[in-house]
Amino acid sequence: MTSAAEDRMLRTLITPEGVDLRVRLANRAERALALVIDLAIMMCALIVLSFIAAAAASGRVATELVAIIWLLGFFLLRNFYFTIFESTPRAATPGKRIMRLRVATRDGGPVNADAIVARNAMRELEFYLPVSFMFSQADDIGAWVVLCGAVWCLVFVL
């Protein structure tokens, strides 16, 4: 016998061939763990790139090169990592694959490119901007700027 909470997480999909499929939606913990795994992979990639850049150069040039690698690498990973992996036929990042999750539409079908880009653009507002405001130094840019940025993110998230 299933509970009401388990029933809410199950969806019945009828394929064009008439096959009745039962699909379980992922809970928040599974999604969060998949995100943490993906963020860890992204950070490991940045660290490896930084070591390679530091080994290739020396002195002040190495420091500037590592800073450039971090900024450019984090920008590219942040904006394209999820989009590229979710655009593949498996529709999942490595973290989602480990957690046995995939991105799908409400009817269980593959997500089109527009929806993938839109959902990953929202990640910028829902996750990256608030985290950057949390870790920003209010003394450097002013507490009012941090507060206005946090309110701006909250308005768009809600």
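Predicted model: local features only at pLDDT ≥ 70, side-chain atom pairs only at ≥ 80, totals over all residues.
**Pockets and helix packing**

User: Which residues line the second largest pocket?

Analyst: Leu39, Met42, Met43, Phe74, Arg78, Phe127, Tyr128, Val131, Ser132 and Phe135. On a 1 Å grid over the protein atoms alone, a cavity is a set of points where a 1.4 Å probe fits but cannot get out, whereas a pocket is an open set with protein on both sides within 12 Å along at least five of seven lines; lining residues have an atom within 4 Å of a point.

User: Which element gives the most to it?

Analyst: α5, with 5 residues. Helices (H or I, at least four residues) and strands (E, at least two) are DSSP runs, numbered from the N terminus.

User: And what is the volume of the largest pocket?

Analyst: About 1,100 Å³, where volume is the space filled by probe spheres set on grid points joined across faces, edges and corners. Of its 29 lining residues, Arg31, Arg102, Val103, Ala104 and Arg119 are closest to the centre. Here too α5 gives the most, with 6 residues. The lining divides into 15 nonpolar, 2 polar and 12 charged residues.

User: Changing topic: at what angle do α2 and α3 pack?

Analyst: About 150°, with axes 9 Å apart; axes are lines fitted to C-alpha atoms, for helices over the stretch in contact, and angles run from 0 to 180 degrees between N-to-C directions. The two helices are therefore roughly antiparallel. Angles over 145 degrees count as such, under 35 as roughly parallel, 65 to 115 as roughly perpendicular and the rest as oblique.

User: How do the axes of α2 and α5 cross?

Analyst: At roughly 80°, coming within 14 Å, so α2 and α5 are roughly perpendicular.

User: Which residues meet there?

Analyst: Leu35, Leu39 and Met42 in α2 meet Arg123, Phe127 and Tyr128 in α5, contact being heavy atoms within 4.5 Å. By class, that contact has 5 nonpolar, no polar and 1 charged residues.

Notes:
Residues numbered from 1 in each chain as written. Heavy atoms only, no water. Nonpolar A, V, L, I, M, F, W, Y, C, P; charged D, E, K, R; others polar.
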